[in-house]
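Subject: Structure handover, with notes on cavities, pockets and helix packing

Dear colleague,

Here is the structure that I promised to pass on to you. My notes on what was found in it follow below.

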Amino acid sequence: MKMTPKVRKILSNYESDNPGTKANLARILMQGRLGGTGRLVILPVDQGFEHGPARSFAPNPAAYDPHYHYQLAIDAGLSAFASPLGMLEAGADSFAGQIPTILKVNSSNSLASAKDQAITGSVGDALKLGCSAIGFTIYPGSEYCFEMMEEIRELAEEAKSVGLAVVIWSYPRGGGLSKEGETAIDITAYAAHMAALLGAHIIKVKPPTAHLEQPEAKKVYEKEKIPVGTLAQRISHVVQSCFNGRRIVVFSGGAAKDLNGILEEVRGLRDGGANGSIIGRNTFQRPREEALNMLDQIIRIYRGEE
């Protein structure tokens, strides 16, 4: 694996990390069709935990099989595949070494009302499965947010000590946040910054809207004339909030949408300086060939070819 100057520059931003962790970050950054560009497209499949099997996989029944997702990520030339313990275990031997994997070590479910997640995997599990990173969700604003932050602090310390990278999903919800506020630009930037402060190597947030949720933050945005009118401007601000671009920031695909909506959003992400997309339901709920075609177009956009 020959490392590009772009990837070397990104790795240089992680000044405290050991060679093992940097090597695992490099594996993700050098993998697939975007390898070496500093851009990423990751396939996350944790929706079975979050929403249940039928809601997740019935639109494309082949996706009930964990091997389907491994093969899709490999054939599409993606950067990594992220999933909870059981799904990674189901294909760990068949696909060993073919694509970097990220073990999602906490999960929620739609049967519970608490805005919290259970620890469902360990650093030991990630090492056993040959993963490059662990993934963890925090809910800034939730009544459980401080507990979740303490959990990832401990897990991140352990992961980094054995050379694994850390990915944090930072999804604001609960507390006094309105539904619209969960993706407001001030809240999204705040959530991304929290993930950076917690030591994440890769930060995942949702694409923000132009809504401003917090009155005190709104005053600052207006006084300082922070531009948030276009998606690209909002993405640029979120990236700026992650140590002025010193941390890798990727954005979720969110709820199902049509192809033109997805591609238009990806162009905004690219133009705003995002490192890439981590896109699940909008990928695996489509028939395989349709999903491969969509991922091809997304990769071409990030490569500047469309």
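The largest cavity is lined by Ser 252, Gly 253, Ile 262, Glu 265, Val 266, Leu 269, Ser 277 and Ile 279, where a cavity is a set of points, on a 1 Å grid over the protein atoms alone, at which a 1.4 Å probe fits but cannot get out, and a lining residue has an atom within 4 Å of a point. This is a predicted model, in which local features need pLDDT of at least 70 and side-chain atom pairs count only at pLDDT 80 or more, whereas totals for chains, interfaces and linings use all residues. Residues are numbered from 1 along each chain as its sequence is written, and side-chain values use heavy atoms, with hydrogens and water left out.

The volume of the largest cavity is about 40 Å³, a volume being the space filled by probe spheres set on the grid points, which are joined across faces, edges and corners. The count of cavities of 30 Å³ or more comes to one. Helix H12 (residues 259–271) gives the largest share of the lining of the largest cavity, four residues; helices here are DSSP runs of H or I with at least four residues, numbered from the N terminus. By class, that lining has four nonpolar, three polar and one charged residues, with Ala, Val, Leu, Ile, Met, Phe, Trp, Tyr, Cys and Pro counted as nonpolar, Asp, Glu, Lys and Arg as charged, and the others, Gly among them, as polar.

H12 also packs against other helices, and the next notes take these pairs in turn. The axes of H12 and helix H14 (residues 288–302) come within 9 Å and cross at roughly 20 degrees, the axes being lines fitted to C-alpha atoms over the stretch in contact, with angles from 0 to 180 degrees between N-to-C directions. H12 and H14 are therefore roughly parallel to each other, since angles under 35 degrees count as roughly parallel, over 145 as roughly antiparallel, 65 to 115 as roughly perpendicular and the rest as oblique. On the H12 side the contact (heavy atoms within 4.5 Å) includes Ile 262, Val 266 and Leu 269, and on the H14 side it includes Met 294, Ile 298 and Tyr 302. This contact of H12 with H14 has nine nonpolar, one polar and two charged residues.

With helix H11 (residues 231–241), the axis of H12 crosses at roughly 45 degrees, and the two axes come within 7 Å, which makes H11 oblique to H12. Leu 231, Ala 232 and Ile 235 in H11 meet Glu 265, Gly 268, Leu 269 and Asp 271 in H12.

H11 has a further partner in helix H9 (residues 185–197), for the axes of H9 and H11 come within 8 Å and cross at roughly 30 degrees, and that makes H9 roughly parallel to H11.

The largest pocket holds about 670 Å³ of space, a pocket being an open set of points with protein on both sides within 12 Å along at least five of seven lines. Of the 31 residues that line the largest pocket, Glu 50, His 51, Tyr 171, Arg 173 and Lys 206 lie nearest its centre, and the lining divides into nine nonpolar, twelve polar and ten charged residues. The second largest pocket has about 260 Å³ of space, and its lining has eleven nonpolar, five polar and one charged residues.

With best wishes

Conventions: Helices (H or I, at least four residues) and strands (E, at least two) are DSSP runs, numbered from the N terminus.
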